[in-house]
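Please look through the model below before reading on.

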Amino acid sequence: MHGIKKWFGTFQAVDDVTLEIRSNEFFTLLGPSGCGKTTLLRMIAGFELPTEGQVLLDGTDISRLLPNQRPVNTVFQNYALFPHLTVAENIGFGLKMLGKPKSEIDSVVKDMLKLVHLEGRGNNPVTQLSGGQQQRVALARALAPRPKVLLLDEPLSALDLKLRKSMQMELKRLQLETGITFVFVTHDQEEALTMSDRIAVMSTGTVRQVGSPWDIYDRPAERFVADFIGETNFLEADVVSVSGDRARVRLSSGAEISATYPDGVTPKGKVTIVVRPEHARLGPPGSGVLEGVLDDIVYLGTDNHFHVKVDGGGTFIVRQQNAKSGPCGFSEQERVSIAINDDVAQILRD
Amino acid sequence: MTLSAQDATEQRQKKHVRDRWLLSAPALILIIAASVGPLLIVVLYSFLAPGSYGDVKWEFSTEGWFNVLFTRDIFDDTVSLADAHFSIFWRSIKLAFATTVFCLIFGFPTAYFIATRAPHNRSLWLFLITIPFWTNMLIRTFAIQEVIRSEGIINTLLMKIGIISAPIQMMFTDFAIMLGMTYVFLPLMVLPLYASLEKLDFRLIEAGYDLYASRFGVLWRIIIPLVKPGIIAGSILVFVPALSSYVVPRVLGGGKNLMVGNLIELQFGQGRNWPLGAALSVTLVIIVLFAMLYYVRNASKSGGSAHG
Amino acid sequence: MAKTFSIKRQPGFATIAMFCFFLLYLPIATLVVYSFNSGSSIAIWEGFSLRWFQSAWNNQQVIEASVRSLQIAAVAAVIATACATLAAIATTRTAPYRGLTIKYSIINMPLLVPEIVTAVALLILFSRVKVWTGYSGLGYLIVAHAAFCIPFAYMPIRARLESMDLSLERAASDLYASSFQTFRYVTLPLLWPGILAGLMLAFVISLDDVVITEFVKSGGQDTLPTYMLGQLRRVVTPEMNAISTVFLVISLAIVTLFFFLSRTPQKDNE
């Protein structure tokens, strides 16, 4: 995709997005609702036309083609299964429209039913299937014509939590087995992190960062990305020195730690760094880089969250696993020190 | 593909709208040709002179409209108010109004009754109301006629029991027309009333009783104000067709108790005064339009929830 | 023990409602019962017989009028439904565009104009056209009926369309269906119950019409309702009851079918 822009009247839904999606990858568009991710998907499918820019598929411009002329299929958010057709007829619909012979359609449908574990359900009406089964039919239907790209528009949002988890694994398996490029839209960061090869985080019509789940989570390039995904501590710091891909920064307490920084940025002066709560440790006063008073302990079962009022202002959250049963060893209003692991802090771009 | 992006979007948009006009064209043409368009001809005809054997002479004349209001004496050309027309219009309005009131008196409790049934029973009761509505109006009028005519079942029964010695003349009276119209148009009152009552929040009624209202107090001060849009909708839906009713007065009213519809027919039949008939038709349409306008105003004021 | 206080109850309402239902059905019931009377009175019961059905069957005029009624209703209903289907597709599930409201008003216009006025208007128009073209067949009646049946056919089709999810058509076009294929394989089959309901409604409405037919028909073109209207002036025998009963049964059958077809379609994806 090249310099895609989409205007709805005076509202710019998508602003100059350029993305390259590699073949055979599981690519996710992640962002809050209204960030333009669905519009982007609909432009790839052909339901919307870009106001500017092109959609290229293997180097050919497909941005002006009608949806039925594009080798791209969609799994709709509400599945959009044809209620008057059986499971098999639904799955075979695309091939039938392409004018494939009946024998070929039948054999593909059979393969597809097997692929999504719905053998023997071919003649059922789709209206009698459970939500998870409908989901599988929708997948099979979109995969049957072997599209070059499969688009998935928040397909898991209608399922309950347990089913959603198992469908996540299922989707990943299908992607690996078929080798088809998946473009997945979601606002659920966990979904994106578990399934994707690469993620594009979007906000207000622009792509903020593209990278592997690890990049996105551990090396957020800017405040929006860090904030949107997971919990984060933001700290003000001064850059002391830069060497290679690391920089030394001085915290408000005067302690120095090493931090990574995004590509294409030379950090200097005052910067904001982020530290994930699980990358810090609590200790007795004087043992870490930040000192403060333990304000609140939130027990979460597997973990504890420690809210620390840092000397000099601000709250820092430390997450520690409950490795053993019993009290955590700290009490509220106690003075503590926060240690930050090596190379876990990331300097933000802005 | 050398199309610019805007061009392509615009082209799709244009095609979308053009397709939609093409698709609706047959319906629009048919309705304009055989329903709406001819109305304009009626307006035109109301300004022409009557022909000697029906139809019109192609010359401009306001005689038709003049005749709606006045009559010219054949012998001495003196002009007087057209009492017959006034009285027929007046009777039509009175009868239509009375019909509306009766439909409301019977229809409101019925609609309320249906709306307070268990949800799965409601559609059956509603169905019972709509069946007569979809059966031929002429047949229903005929059925009423059979019941009330001198040799009909009511008179025969009453005479057998000995309450009366001679049949009561019910046919060919205003009462017969009103009865017939109430019978025929009742479903038109019940359906919109039901639509309003069904949406009624019964917690409000609980609140009413909680605040010491009597049964009647709740009905008068809570239920009726809340379903007022439905009452207005139902009343208009009954009043309009009742006012322009043709079949019922023809069958039950006999030759003397005319309503506007019959008066119009008369001008195109025996009267042979098409311009007058046309002018009367336009007058009727104007009255109906005003009633409709009143309805639409009210419906939009109350959030359009009246008709449903 | 005191009865529970029901907040929904209003004194006398149930009685009036029952009375209402009773009154609604009493005349119709009487009508039907006396069509089986063996005597020639419509008020004195003289025993069961089918003689009036037989006599109606042997009445050439009745049969001719019935056949004509059915012919007109069938053709007019098909035309009206076809037009209404296309119009419904053109006026639903679309972003508002210029002229959309005008279309709505035109389509609903026949419901607003008093029938007698439309009848008079058509009388004027068709009497001219008859002179110009020399044609005086059933075409006029069919056109007139089709026109006023369109809004009736339009209602259930539109309701059905609006309950249909646009993403189904999107899915079809995503799966390589051309716009015609989408219509043929997705829209039409899903819309079918609505179309049938519209067709039946139009058929019944056309079958029932008296006023417009009375004014538009040429000599010898009586439909069953106009024939009956003419007969009502005379002394009525149970033959009229018999005709009415058959008519009622036909209408009732169609309306019952309509009732089942037009029940809100189940939400398909939930």
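Helices (H or I, at least four residues) and strands (E, at least two) are DSSP runs, numbered from the N terminus. This is a predicted model, in which local features need pLDDT of at least 70 and side-chain atom pairs count only at pLDDT 80 or more, while totals for chains, interfaces and linings use all residues. Residues are numbered from 1 along each chain as its sequence is written, chains are lettered from A and ligands numbered from 1 in the order in which they are written, and side-chain values use heavy atoms, with hydrogens and water left out.

In chain B, helix α3 covers residues 83–115 and includes B:F97. B:F97 counts as exposed because its relative accessibility is 53%; exposed means over 50%, buried under 20% and partly exposed in between (1.4 Å probe, protein chains only). Together with B:V101, B:F102 and B:I105, B:F97 forms a nonpolar surface patch with about 360 Å² of accessible area. Accessible areas come from the Shrake-Rupley method with a 1.4 Å probe, and for residues only the protein chains shown count as cover. Patch members have over 30% relative accessible area and no salt bridge, and nonpolar side chains (Val, Leu, Ile, Met, Phe, Trp, Tyr) are joined within 5 Å, like charges within 9 Å. A salt bridge is a side-chain nitrogen of Lys or Arg within 4 Å of a carboxyl oxygen of Asp or Glu.

Chain C has 11 helices and zero strands. Its radius of gyration is 23 Å, well over the 18 Å that the globule rule gives for 270 residues, so chain C is more spread out than a compact globule. The radius is taken over C-alpha atoms, and the rule is 2.2 Å times the number of residues to the power 0.38. Of the 270 residues in chain C, 53% are buried.
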